[in-house]
Amino acid sequence: MNKENVLQNRYCLRQAGGIYWLLDCEQAGVPYKEPVPMNEVAADIWRLMEQGKSEDEIVDCISAEYGADRDVVKQDVKQFKNQLYKMAGENYE
């Protein structure tokens with residue numbers, strides 16, 4: 001199983017109160033890990049990851065959707081993935 005599948009099996013994206021939340025669905029409860037609030041762009045990146053899109057495909061989709069510079073989006077996607085893997089105790093690279 002690749003690392004992105006591990007993330008997708010462990011975490012769940014939910015929306016409540018107009019905010020997206022990433023929940024650790026495998027936690028035992030003690031210690032409790034609070035859900036991580038996410039903005040809409042981060043939620044879009046997560047959904048594209050769930051669809052099995054490659055990093056380049058994610059960058060292209062986000063760049064097109066938000067009219068953002070591809071190089072900036074590429075760095076943002078890498079940083080987002082690094083944060084996710086760090087939360088899960090994994091290394092991204």
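Contact here means heavy atoms within 4.5 Å. Helices (H or I, at least four residues) and strands (E, at least two) are DSSP runs, numbered from the N terminus. The model is predicted: local features need pLDDT of at least 70, side-chain atom pairs count only at pLDDT 80 or more, and totals for chains, interfaces and linings use all residues. Residues are numbered from 1 along each chain as its sequence is written, and side-chain values use heavy atoms, with hydrogens and water left out.

## Overall make-up

The protein chain has four helices and three strands, arranged along the sequence as α-β-β-β-α-α-α. Of its 93 residues, 33% count as buried, where buried means under 20% relative accessible area, exposed over 50%, and partly exposed in between (1.4 Å probe, protein chains only). Among the contacts in the protein chain with a separation of 6 or more, 38% are between residues 24 or more positions apart.

## Helix packing

Axes are lines fitted to C-alpha atoms, for helices over the stretch in contact, and angles run from 0 to 180 degrees between N-to-C directions.

| Helix pair | Angle | Axis separation |
|---|---|---|
| H2 (residues 40-50) and H4 (residues 70-87) | about 75° | 11 Å |
| H2 and H3 (residues 55-66) | about 145° | 10 Å |
| H3 and H4 | roughly 125° | within 9 Å |

Angles under 35 degrees count as roughly parallel, over 145 as roughly antiparallel, 65 to 115 as roughly perpendicular and the rest as oblique. With an angle of roughly 125° between their axes, H3 is oblique to H4. The H3 and H4 crossing is right-handed; a crossing is left-handed if the near helix is turned anticlockwise from the far one by less than a right angle, and right-handed if clockwise. On the H3 side, the residues that meet H4 are Glu55, Asp56, Ile58, Val59, Asp60, Ile62 and Ser63, and their counterparts in H4 are Arg70, Val73, Lys74, Val77, Lys78 and Lys81. By class, the contact of H3 with H4 comprises five nonpolar, one polar and seven charged residues.

From H2, Ala42, Ile45, Trp46 and Met49 take part in the contact, and from H4, Val77, Phe80, Lys81 and Leu84. Seven of these residues are nonpolar, none is polar and one is charged.

The crossing of H2 and H3 is right-handed. H2 supplies Glu40, Val41, Asp44, Ile45, Leu48 and Met49 to this contact, while H3 supplies Ile58, Cys61, Ile62 and Tyr66. The contact of H2 with H3 holds eight nonpolar, no polar and two charged residues.

## Salt bridges

Side chains of opposite charge can pair when their charged atoms come close. A salt bridge is counted for a side-chain nitrogen of Lys or Arg within 4 Å of a carboxyl oxygen of Asp or Glu, and by this rule there are eight salt bridges.

Asp24 and Arg10 form one of them, with the closest N and O atoms 2.9 Å apart. Asp24 is in strand S2 (residues 19-24) and Arg10 in helix H1 (residues 3-10), so the pair ties together parts that are 14 residues apart in sequence. Both Asp24 and Arg10 are buried.

Arg47 and Asp44 also meet in a salt bridge, at 2.4 Å from N to O. These two residues are three apart in helix H2 and thus separated by about one helical turn. Arg47 is partly exposed at 29% relative accessibility, whereas Asp44 is buried at 16%.

Between Glu55 and Lys81, the closest N and O atoms of the salt bridge are 3.5 Å apart. The pair links distant parts of the chain, with Glu55 in helix H3 and Lys81 in helix H4, 26 residues apart. Glu55 and Lys81 are both buried.

## Gln27

Gln27 sits in the loop between S2 and strand S3 (36-38) and is partly exposed, at 25% relative accessibility. Leaving aside residues up to four places away in sequence, Gln27 touches Tyr32 and Lys33. The C-alpha atoms of Gln27 and Tyr11 are separated by 9.7 Å, and the two residues are 16 apart along the chain.

Note on methods:
Nonpolar A, V, L, I, M, F, W, Y, C, P; charged D, E, K, R; others polar.
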